[in-house]
Amino acid sequence: MPRFGASPGVTDSSKSAFHLWQGFSIAAVIIGVLTVALMLWAVVRYRRKGDQIPEQHQYHLPLEVIYTVVPILIVFGLFAATLVVENKATANPKTSVTIDVNAFQWGWQFLYPGTNALVYGQTTQSPVMVMPVDTNVHFNLTSTDVMHGFYVRAFNFSRYALPGVVNTFTIRAQNTGTYFGQCTQLCGLYHSLMFFRVKIVSAADYAKWIASFNNPAGIAAAAAALKTTTAELASGVASKNTYTKFGR
Ligand SMILES: [Cu+2]
């Protein structure tokens with residue numbers, strides 16, 4: 001089946017959103033082809049054949065009922081399909097992993113509550129958020145300063161990161177790999193460089209990664225990072241990298 005310019009992505013909800021997009025596109029193609037065919041048929045079949053005015057008709061009730069009811073049914077069908085996919089995407093099922101995502105001008109902080117793990121990075125540092133595959137991962141998304149957008153292309157998913165608001169959602173990844181993420185709300189000078197990456201790993205590798213923060217060096221590093229980020233975020237002005245080139 002054609003992709004109609006979209007990608008299935010790597011999560012449960014990205015795939016259902018992708019299938020919804022395919023369904024909408026196919027419906028549009030069918031309606032488009034049908035409409036053009038009817039127009040062409042009318043143009044050819046009833047083209048001017050002489051100077052005689054054709055027979056004049058008014059009202060064709062069955063036809064009028066059909067072209068009122070059919071579009072309504074189409075809209076309801078598309079609406080119902082959308083509702084099913086949206087409810088799935090916004091459901092917050094039981095999860096075993098939680099990640100607190102905090103956006104700020106101009107970077108990302110990923111905290112793993114109940115563990116020592118902490119990831120932090122600005123602009124082209126592209127911090128790497130690690131998450132396990134085949135696991136419901138719960139996200140608490142916030143912002144320190146202004147509106148940001150949490151967007152991962154491979155998730156087919158975007159959410160506002162708002163100051164003073166916690167947006168929650170659940171993602172279940174089906175594939176491992178590293179994927180590109182970025183801010184999608186114009187949020188200031190370095191918005192265009194507000195990158196991050198998502199690394200989806202096996203459950204065993206995820207446990208190993210979390211455990212790597214549990215030795216004295218890891219704890220010290222995480223504590224130092226937390227202190228730095230807290231100070232920088234509290235000051236409202238995070239120190240900026242010197243922008244040289246894309247560090248992707
Ligand atoms: Cu931003």
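**View 1. Helix 2 lies largely in the open.** Helices here are DSSP runs of H or I with at least four residues, and strands are E runs of at least two, numbered from the N terminus. Helix 2 covers residues 61-90, and at 1.5 Å a residue it should span 44 Å; its end C-alpha atoms are 43 Å apart, which agrees (the expected span is 1.5 Å times one less than the number of residues). Keep in mind that this is a predicted model, where local features need pLDDT of at least 70, side-chain atom pairs count only at pLDDT 80 or more, and totals for chains, interfaces and linings use all residues. Residue numbers start from 1 along each chain as its sequence is written.

**View 2. Domain 1 meets domain 2.** The domain assignment (automatic or from a database) puts domain 1 at 12-90 and domain 2 at 97-235. Here 6 residues of domain 1 are in contact with 7 of domain 2 (in contact means C-beta atoms, placed from the backbone, within 7 Å). Helix 1 (residues 12-45) gives the largest share of the domain 1 side, 5 residues. Taken over C-alpha atoms, the domain centres are 43 Å apart.

**View 3. The protein chain, end to end.** Its 4 helices and 10 strands follow the pattern α-α-β-β-β-β-β-β-β-β-β-β-α-α. Along its principal axes, the C-alpha trace of the chain spans about 95 × 40 × 30 Å. Of its 248 residues, 24% count as buried.

Definitions and conventions: Two residues are in contact if their C-beta atoms, placed from the backbone, lie within 7 Å. A residue is buried if 20 or more other C-beta atoms lie within 10 Å of its own, exposed if 12 or fewer, and partly exposed in between; C-beta atoms are placed from the backbone.
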